[in-house]
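Here's a quick briefing to read with the model open in your viewer. It starts with the overall picture and then zooms in on a few residues.

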Amino acid sequence: MGNLKLKGKDILKIGYPNNQSVNIALEVMKRNFATKNIHHVKSLLKEILMNPENYEKDLTFGQIAEALLSSRKTEKRMLNTNRTSFHIFGNNISDEAKNQLYTALKLPIATQGALMPDAHSGYGLPIGGVLAVENAVIPYGVGMDIGCRMSLSILDTPVSYLDGARDKYEKALAEHTKFGMYETHRSHVEHEIFDRDTFDLIPILRRLKGKAIKQMGSSGGGNHFVEFGEVEITEEDEQIGLPKGKYLGILSHSGSRGLGAEIAQYYSRVAVEQCPLPKEAQNFAWLDLNTHLGLEYWTAMNLAGDYASACHDDIHRRLVKAVGGRVKAKIENHHNFAWKEIHNGKEVIVHRKGATPANENELGMIPGSMTAKGFIVRGKGNPDSLNSASHGAGRAFSRGECRNLFTQNDIKKELKLKNVTLMGGNTEEAPMAYKDINEVMNAQNELVDILGTFQPRIVRMDK
């Protein structure tokens, strides 16, 4: 932690009470001022001790101020006996996923919940789970891949080029997309996101900035993809601004990479320490938004969401430059996030873990699988779903089950049948691993209107 020779007894001598505030002060100062003069550090600590209320919202010193202002012990939170109100959309949902939502609905901070038709079990909140709470954020309720998004660019290029010049599009994906933990681009464009002072205000972000720069414009493993395909606009919408017809499209799905994953891991761990819950609810540990840590996570989560968006912009920029054409329309939405929204006349924090925001007239993209059509949608703002919809078809089989059930040969047959070229991918992401997207869409016709479709043609995934 650098060479700052600060000890707990030095902090006690300044006048700090003999409680957790000493350890917190020690950690914060060593983390942020490792190379500073010890007299300067002590004078800062003295100033915080004299006026802790002035530092409550400070991103560097807020944690110390909070510890000084509060001598409350961390008490175990109990669950309510009854669940708060909820709606489940669709029938093909496992009991395990439902039970995870039921546990979340008993949290003392919960106000409303919903389960989307693509739902399946996850850690804490199920994938496809939506949960509104009062003035708090649940890191596991957001998920590990913060701000994971869908981004669709519709080009003015004739769709026939996907067959006529397939080699060109395959080459573009091979050369200009990067996947997994180790592939990164050689060159990087300057992006405004890296000029933000948020990276300097929070220690974990400062440490992760280099990794974020390196991974810019890359995609994760698992179910993340970049693909060229056939867009069909079936209903005109002034926000899209395109006549009915077929277009060439680029669709990408990935999130905030190592930046988001490490933010999620760190604050999930901290939340569990701060907010002890019964064993079955441990992954629902929350951070109060009135606290320094809650504010810190909220700030980091929003930065990770913006970073995920910047990654998609970079992916699409590189591909359009490689294959030519102009972008006529763009549709994007994200999940694995928490939003401040008004529901039933009250501000709440809505967690959508693997669920798409579907506010009234909000556009979104719901993918199928590597061979199944995805859908361009417009939200209806249904209050029963907390203005949400599914984020995809949802898994019918777990990754482990897929490894035992399907072979590469099974995938090849399905790809040939649907005229899809796959680069990378594995049996865990087999088309058969997913629910029928048409059934999922039928189960949410109260949540979204369908404006068009996207049929994958050339798909790139992690190997």
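What follows is a short tour of the whole chain, its salt bridges and some individual residues.

This is a predicted model, so a few ground rules apply: local features need pLDDT of at least 70, side-chain atom pairs count only at pLDDT 80 or more, and totals for chains, interfaces and linings use all residues. Residues are numbered from 1 along each chain as its sequence is written, and side-chain values use heavy atoms, with hydrogens and water left out.

**Overall build**

- The protein has 15 helices and 17 strands; these are DSSP runs numbered from the N terminus, with helices being H or I of at least four residues and strands being E of at least two.
- A compact globule of 463 residues would have a radius of gyration near 23 Å, and the 24 Å found here agrees with that. The radius is taken over C-alpha atoms, and the globule rule is 2.2 Å times the number of residues to the power 0.38.
- Along the principal axes, the C-alpha atoms fill a box of roughly 75 × 55 × 45 Å.
- Of the 463 residues, 55% are buried. Buried here means under 20% relative accessible area, exposed means over 50%, and partly exposed is in between (1.4 Å probe, protein chains only).
- Take the contacts with a separation of 6 or more: 76% of them come from residues 24 or more positions apart. A contact means heavy atoms within 4.5 Å.
- The accessible surface comes to about 20400 Å², and carbon and sulfur atoms own 46% of it. Those areas come from the Shrake-Rupley method with a 1.4 Å probe; for residues, only the protein chains shown count as cover.

**Charges and salt bridges**

- There are 58 positive and 55 negative charges, and their mean positions sit 7 Å apart. Lys and Arg count as positive and Asp and Glu as negative, while His and the chain ends are not counted. Each charge is placed at NZ of Lys, CZ of Arg, CG of Asp or CD of Glu.
- A search of the whole structure turns up 26 salt bridges, each being a side-chain nitrogen of Lys or Arg within 4 Å of a carboxyl oxygen of Asp or Glu.
- One of them pairs arginine 149 with glutamate 332, with the closest N and O atoms 3.4 Å apart. The pair links distant parts of the chain, since arginine 149 is in strand β5 and glutamate 332 in strand β9 (residues 327-334), 183 residues apart.
- Within that pair, arginine 149 counts as buried at 8% relative accessibility, whereas glutamate 332 counts as partly exposed at 29%.
- Arginine 378 and glutamate 235 also meet in a salt bridge (3.0 Å, N to O). Arginine 378 lies in strand β14 (residues 374-379) and glutamate 235 in the loop between β6 (225-233) and β7 (245-254), so this pair ties together parts 143 residues apart in sequence.
- Arginine 378 has a salt bridge with aspartate 237 as well, the closest N and O atoms being 2.6 Å apart. Aspartate 237 is in the loop between β6 and β7, so here the tied parts are 141 residues apart in sequence.
- Both arginine 378 and aspartate 237 are buried, while glutamate 235 counts as partly exposed at 31% relative accessibility.

- Aspartate 145 is found in the loop between α6 (139-142) and β5 (149-155).
- Leaving out residues up to four places away in sequence, aspartate 145 touches His224, Ser254, Gly255, Ser256, Arg257 and Asn336.

- Most residues other than glycine have a negative phi.
- Arginine 257 isn't a glycine, but has a positive phi of about 55°. Arginine 257 is found in helix α11 (residues 257-274) and counts as buried at 11% relative accessibility.
- Asparagine 361 isn't a glycine either, and has a positive phi of about 65°. Asparagine 361 is found in the loop between β12 (355-357) and β13 (363-366) and is partly exposed, with a relative accessible area of 45%.

**A buried methionine**

- Methionine 116 is found in strand β2 (residues 110-120) and is buried, with a relative accessible area of 0%.
- Not counting residues up to four places away in sequence, methionine 116 touches several residues, including Phe89, Ile93, Val130, Ala355 and Leu447.
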